[in-house]
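Biologist: Could you walk me through the reasons behind some of the labels we use for this model?
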Amino acid sequence: MSNTNNVWLAGFKLTSVNFYDIYPANSKKYDFPKHWKVLQRIEKTADPKLLEIKKVFKEEMLELSDAGSYFFKTEYLPDSLWIESSDTKLPPSSEYIFKVRSGGVVFTQACAQLLQQFRLGESTLTPVQIYDLETQQLCSDETFYFLNLCERREYIQYPQADKVFKRFPTMEGRDKYGTSGVPVKDKQLLVNKSALNCELDLWHDPLLTGHIFLSDALHDALVQANMATQWNMVSCQLV
């Protein structure tokens, strides 16, 4: 457990969270097992109805990807995950977080159940199972959970003292910070101490791209459950 009250910075980086070639989809809405090659632009079609379905599917998958990158609420969440065949590599049981196509972040049931004990606000964990497109059968009985993290709070100090945080302009009309892939170290990021009173245990701060924040309580629970490594958590400097 941590020795002092703090908040924690984390990120689902590919150095600790692996990507798997798995398709998130609303299988009932699009009959994904039947049309997936057209929807994924592997095959072409001249069917007007299928072309319209393909257009809507593309728009919804783009929003799903953006929701994962920019942390906003979306209604276009998958009801299932799909692999092309039994030859497709699946995450081992040792991985409690993994990434799928469209930038989706997925948790094992054990990790999701831990998260659900904490204050997530409007962020959701949608239950999904993995199916084989060749057989249209379940790959396993295990249920996973697809994350839509949409809660945003602003506690990051502006400006930041450490040069690892680079300012860049955005379409929203104000600068944000990024790290250009450089890992953040303990106590590098300055955060207002009012974050200790946040009513959430998991949130995104829009002033820093590609990262999320965890409360002390959630950090400690993950550590105790041996589920902390993939989060890449570092402590913040409260000011």
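Predicted model: local features only at pLDDT ≥ 70, side-chain atom pairs only at ≥ 80, totals over all residues.

Biologist: Why is the pair of Y23 and W36 called tilted?

Modeller: Rings of Phe, Tyr and Trp (its six-membered ring) pair if their centres lie within 6.5 Å; planes under 30 degrees apart are stacked, over 60 edge-to-face, and the rest tilted. Here the centres are 5.6 Å apart and the planes are at 55 degrees, so the Y23 and W36 pair is tilted.

Biologist: What makes Y23 count as buried?

Modeller: Buried means under 20% relative accessible area, exposed over 50%, and partly exposed in between (1.4 Å probe, protein chains only). Y23 has 2% relative accessibility, so Y23 counts as buried. W36, with a relative accessible area of 9%, is buried too.

Biologist: How do you know that the span of helix α3 agrees with its number of residues?

Modeller: Helices (H or I, at least four residues) and strands (E, at least two) are DSSP runs, numbered from the N terminus. The expected span of a helix is 1.5 Å times one less than its number of residues. Helix α3 (residues 48-70) has 23 residues, so it should span 33 Å, and its end C-alpha atoms are 33 Å apart, which agrees.

Biologist: Which residues of α3 are buried?

Modeller: They are L50, F57, E60, M61, L64 and A67.

Key: Residues numbered from 1 in each chain as written. Heavy atoms only, no water.
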